[in-house]
Amino acid sequence: HAKAAGRNTYQMFTKEMHTAARQRLAIENSLRSAIANDEFVLHYQPQVEPVSGRLVGLEALVRWQNPEDGLVFPDSFIPVAEETGMILEIGRQVFEKACRQAARWREAGLPLVRIAVNLSARQLRQPDLPDMLAAIMKECGADPEMIELEVTESMTMERPVESIRILGALKSMGIGLAIDDFGTGYSSLSYLKLFPVDKLKIDRSFVKDIEVDPDDAAIASATIAMAHTLGKKVVAEGVETQTQLDFLVQHGCDIIQGYFYSKPLSAEDAEQYLVQRAGNG
Ligand code: C2E
Ligand code: MG
Ligand code: MG
Ligand code: MG
């Protein structure tokens with residue numbers, strides 16, 4: 001009896017694995033055509049200075065406009081793109097789109113805020129990354145002052161010495177730098193001091209229960225204090241409620257990003273936000 005059950009489980013397992021492999025292959029193939037057919041679009045999430053309510057940045061978040069499935073979110077295709085290396089081409093397209101948008105908004109006379117672009121681990125390890133990004137910015141008519149790059153904490157800690165060198169090169173070009181998902185990796189504080197970044201982004205997982213979990217509250221407030229000591233600004237991600245906002249403001253958090261202010265917006269809606277909420281007014 002047990003033997004039969006074991007065999008059935010085994011058969012089911014291999015069948016599921018087979019289906020998963022087929023699904024993955026299907027994603028790979030449609031990603032390849034998405035790259036060729038320019039199916040990626042960027043949405044932009046406002047980053048707000050809470051004290052003044054002023055818009056100070058926009059994070060570019062990629063979406064895949066799939067002809068069959070509609071809008072596909074990054075968590076369901078970035079990992080496959082990472083594994084296969086297609087992320088390099090997707091990342092290039094994303095950066096180019098962000099640069100074109102920044103240049104267009106400047107042409108239109110809109111207030112200048114940095115557009116933050118997420119980098120993947122593979123992109124960070126491309127030896128010619130700074131040159132490549134410089135070439136794209138030049139081609140699009142964008143300046144480094146319009147751009148910020150986000151790298152995750154775990155990505156930078158994988159090869160800290162190499163990361164410090166590349167980040168240093170990007171920073172000296174005038175590009176802004178932020179460490180994303182901060183608190184979820186294993187930063188050595190001695191390396192953190194050496195990373196030439198302007199901002200730390202507190203991960204959403206700490207913000208979520210900030211009002212009820214004393215550990216999360218302690219991590220968030222300690223991160224803010226430490227970042228300020230190191231001369232860096234702090235962005236809190238995933239802020240949804242007034243109570244979360246109040247806690248973060250009370251502890252000196254510089255910039256807020258989350259549904260409390262706005263979900264990620266289409267380029268047109270982001271432009272409206274830019275018109276109404278940026279600048280000195
Ligand atoms: P991330 O860079 O940490 O981006 C923040 C994510 O949190 C976004 O999800 C955003 O929509 C979501 N978010 C923001 N505020 C809130 C909130 O108040 N509540 C909740 N529940 N969620 C909030 P999204 O757009 O699905 O992106 C997920 C991840 O995919 C990003 O996390 C980033 O790691 C990756 N990603 C997005 N665009 C790119 C890209 O162009 N290149 C690369 N390499 N990765 C990207
Ligand atoms: Mg990010
Ligand atoms: Mg994040
Ligand atoms: Mg994330």
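The model is predicted.

Start with ligand 1, which sits in the largest pocket. Two elements each give two or more residues to the shell around ligand 1, namely strand S2 (54–66) and strand S6 (176–182). Strand S2 gives the most, with four residues. In total there are 24 residues around the ligand, and those that come nearest are Arg63, Asn118, Asp180, Glu240 and Tyr259. Sorted by class, the shell holds ten nonpolar, five polar and nine charged residues.

Some of these residues can be examined atom by atom. In the side chain of Arg63, an N or O atom is 2.9 Å from an oxygen atom of ligand 1. For Asp180, an N or O atom of the side chain is likewise 2.9 Å from an oxygen atom of the ligand. Glu240 faces another kind of atom: a polar side-chain atom of Glu240 lies 2.5 Å from a nitrogen atom of ligand 1. On its own, ligand 1 has 800 Å² of accessible area, and the protein covers 86% of this.

Now turn to the metals. Glu59 (OE), Asn118 (OD1), Glu150 (OE) and Asp180 (OD) coordinate the magnesium ion (ligand 2), at 2.0 to 2.2 Å. Along the sequence, these donor residues follow the spacing E-x58-N-x31-E-x29-D. Two of them, Glu59 in strand S2 and Asn118 in strand S4 (residues 114–118), are 59 residues apart, and the pair links distant parts of the chain.

Asp180 bridges the magnesium ion (ligand 2) and the magnesium ion (ligand 3), and the two ions lie 4.2 Å apart.

Technical notes: Residues are numbered from 1 along each chain as its sequence is written. Chains are lettered from A and ligands numbered from 1 in the order in which they are written. This is a predicted model: local features need pLDDT of at least 70, side-chain atom pairs count only at pLDDT 80 or more; totals for chains, interfaces and linings use all residues. Side-chain values use heavy atoms; hydrogens and water are left out. A residue is near a molecule or strand if one of its heavy atoms lies within 4 Å of it. A polar contact is a pair of N or O atoms within 3.5 Å; within protein, one must be able to donate a hydrogen and the other to accept it, and residues adjacent in sequence count only if both atoms are side-chain atoms. Accessible areas come from the Shrake-Rupley method with a 1.4 Å probe; for residues, only the protein chains shown count as cover. On a 1 Å grid over the protein atoms alone, a cavity is a set of points where a 1.4 Å probe fits but cannot get out, and a pocket is an open set with protein on both sides within 12 Å along at least five of seven lines; lining residues have an atom within 4 Å of a point. A molecule sits in a cavity or pocket if more than half of its atoms lie within 2 Å of its grid points. Ala, Val, Leu, Ile, Met, Phe, Trp, Tyr, Cys and Pro count as nonpolar, Asp, Glu, Lys and Arg as charged, and the others, Gly among them, as polar. Donors are N, O and S atoms within 2.8 Å of the metal (3.2 Å for Na, K and Ca); water is not among the atoms, so sites may look incomplete.
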